[in-house]
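Here are my notes on the model you sent. Please read them with the structure open.

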Amino acid sequence: MTTDVRPEVDQEAVGEAMEKVMGDFAAAIGVTTVLLGISSGAWKAMAAAGPVTPSELADRMGTVEPYTREWLAAQAAAGYVEYDANTGTFTLPGAVAAVLTDDATTALFSAFGEGMAVMGADLARFRDRFATGQGFGWHERSPEHWEAMAGISDASVIPFLPAWLAAMDGGDALLAAGGKVADVGCGYGGMATALARLYPGATVYGFDYHDASIARSRSTATDAGVGDRVHAEVATAKDYPGTAYDLITFVDSLHDLGDPVGALVHAREALSPEGSVLLIEPAAGDSLEDNLTPVGRLWYSVSTTVCTPNGVAQEGHPLGTVAGEVKLRETAAAAGFARVTRLDVEAPMNLLLQLRP
Ligand SMILES: C[S@@+](CC[C@H](N)C(=O)[O-])C[C@H]1O[C@@H](n2cnc3c(N)ncnc32)[C@H](O)[C@@H]1O
């Protein structure tokens, strides 16, 4: 005979917990319909139309009413559009339209969406490793994931680069005079190509341990007409060649590495006397409590499933996606950087630190 010894659980709280989990599933599926609205032009059609019925929206888009009917209902349930039961019309509020019809913002959402779409396939391979503590390197992920990462950086980093580099103490001037730059963990090479375009006299090196990323970096640079000044090579963050770099950048890559201190020691030793490291990392608070927010949830989830497994597959000491300024400063200090400055710039998703010995 068994006896149930579980303490009494508040059934109302159980109901709330169930509702929260179901709400999260609803949001996860719901965001796929937000992305359909972007790719099909439905959000823009709604913004132009004012209050619309499903069949009016279908006419405007050139699609069929059953699609717009269900889609609008999903958006009304999500709270993105307002439904008027008297007229049977749906209205897109101005503030929501400002977010969902802005091309720069929706490019970022679409890249996130691409990454999420392939998460399921990669998660099936990661599940056992999470349980046993094995790593899951960047090179093992699906190509769609690498593509999505490039899209996120193209939307959230590259447009801001001129202002960020101009805010650095000294670094911008060195490059304007024709300096030497390395981008570490360069991925598909968007940063290396952007740097070469911004500084026509500079020579740019892109390093990544992942051969397919390096192949893509080369074609990215060639397609942009700067292939002669962008040298992409397979190398790890601790063994890439060269010295006297005026600038070494890490775009969302330091927190993925198995040995971030070792990577920064190597960077410090490879700098020119006036050179700097530019760390571009996700914007985050310093304590876990500070990051218990929707954005914190996004980063910690990416960290659990993507960034941290890469570091576990290497030396095993990754910072995790949500490092925050204090931990990044400690890491820089441990690598021998005496001067660390946070750049005071507009950066929607990132925090930026300039490191000098
Ligand atoms: C999150 S992705 C960022 C890619 C790129 N910087 C961007 O913003 O699109 C991290 C990159 O670091 C690379 N990487 C991971 N571990 C590395 C290591 N130990 N040495 C060099 N690159 C590494 C991965 O292959 C991947 O391209």
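1. In total, 19 residues surround the ligand. The closest are Ser153, Gly185, Asp208, Val251 and Gln314. Keep in mind that this is a predicted model.

2. Which polar atoms of the protein lie at the ligand oxygens? Aspartate 208 places a polar side-chain atom 2.6 Å from an oxygen atom of the ligand. Tryptophan 138 also has a polar side-chain atom there, at 3.5 Å from a ligand oxygen. With glycine 187 the backbone takes part: one of its polar backbone atoms is 3.5 Å from an oxygen atom of the ligand. How much of the ligand does the protein cover? On its own the ligand has 590 Å² of accessible area, and the protein covers 94% of that.

3. Next, strand 3, residues 180-184. This strand is mostly covered, with four of its five residues buried. It runs parallel to strand 4 (residues 203-208), and five bridges join the two.

4. Two backbone angles deserve a look. As a rule, most residues other than glycine have a negative phi. Alanine 244 has a positive phi of about 60 degrees, although it is not a glycine. Aspartate 252 is not a glycine either, yet its phi is positive, at about 50 degrees. Where do they sit? Alanine 244 is in the loop between strand 5 (230-234) and strand 6. Aspartate 252 is in the loop between strand 6 and helix 12 (260-270).

5. Are these two residues buried or exposed? Alanine 244 has a relative accessible area of 38%, so it counts as partly exposed. Aspartate 252 is at 14% relative accessibility and therefore counts as buried. The cut-off for buried is under 20%.

6. Why is arginine 141 classed as buried? Because its relative accessibility is 3%, and buried means under 20%. What does its side chain contact? The side chain of arginine 141 makes a polar contact with the side chain of aspartate 122, at 3.5 Å.

7. Last, the whole chain. The secondary structure comes to 14 helices and nine strands. Of the 357 residues, 43% count as buried. Along the principal axes, the C-alpha atoms fill a box of roughly 70 × 65 × 35 Å.

Methods: Residues numbered from 1 in each chain as written. Predicted model: local features only at pLDDT ≥ 70, side-chain atom pairs only at ≥ 80, totals over all residues. Heavy atoms only, no water. Near = heavy atom within 4 Å. Polar contact = N/O pair within 3.5 Å; in protein donor to acceptor, adjacent residues only side chain to side chain. Areas by Shrake-Rupley, 256 points an atom, 1.4 Å probe, with all protein chains shown as cover. Buried < 20%, exposed > 50% of the residue type's maximum accessible area, 1.4 Å probe, protein only. Pairing = 2+ DSSP bridges.
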